[in-house]
Amino acid sequence: MNSRMTLTIGGLLLVAAALGGCGSNGSMSPASPTPTPTPAASDVVITIVGMNGGLSYSPNPATVKVGQTVAWKNADSLAHTATADAGTFNTSTLAAGATSSPITMTTAGTFPYHCAIHSAMTGTLTVTQ
Ligand SMILES: [Cu+2]
């Protein structure tokens, strides 16, 4: 081994580190905190009131048009979901106070849904043309 070989290897490692650093999140972040991105506005927001049978979601039933987006806002102190019985949509688990990403409703129909954590929580979403 000579010093020239060592320098070459060192240079390659630097290049590899630089390339890898570009792809990872966080390492290139500025020191000051970036503002949390504002979630995209949804056409309709349904509030998760809490565990109360058919009154767990409000409004219920809710009606939207094809192509509109729906978000569920969890106003309860427990985690909940809004999960279509047929699996066509699912907010996944929403912590207390969290709002789901907007979900675009692409198919007309009546969609019963429930909380995947508390099956007694039920709602209905109607999607019209
Ligand atoms: Cu629940």
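Reader: Two strands pair if DSSP finds at least two bridges between them. Which residue of S6 is the bridge partner of Val70?
Author: Ile103. Residues are numbered from 1 along each chain as its sequence is written.
Reader: How do S4 and S6 run, parallel or antiparallel?
Author: Antiparallel, with 2 bridges joining S6 to S4, residues 69–74. Strands are DSSP runs of E, at least two residues long, numbered from the N terminus.
Reader: What sheet are they in?
Author: An open one of 4 strands with mixed pairing, ordered S2-S1-S4-S6. S2 (57–58) and S6 (103–104) are its edges, each pairing on one side only.
Reader: Which residues touch the most other members of the largest nonpolar core?
Author: Among its 15 residues, they are Ile46, Ile48, Val70, Trp72, Ala82 and Leu125. A nonpolar core is a set of buried Ala, Val, Leu, Ile, Met, Phe, Trp, Tyr and Cys residues joined through C-beta atoms within 7 Å; buried means 20 or more other C-beta atoms within 10 Å of a residue's own, with C-beta atoms placed from the backbone.
Reader: Which element gives the largest share?
Author: S4, with 3 residues.
Reader: Changing topic: where does pLDDT stay under 50?
Author: Over residues 5–26, which have 3 contacts (C-beta atoms, placed from the backbone, within 7 Å) beyond four places in sequence. Where pLDDT is low, the predicted coordinates should not be read in detail.
Reader: And what is the chain's mean pLDDT?
Author: 83, with 70% of residues at 70 or more.

Definitions and conventions
Predicted model: local features only at pLDDT ≥ 70, side-chain atom pairs only at ≥ 80, totals over all residues. pLDDT = per-residue confidence, 0-100. Contact = placed C-beta atoms within 7 Å. Buried ≥ 20, exposed ≤ 12 C-beta atoms within 10 Å, placed from the backbone.
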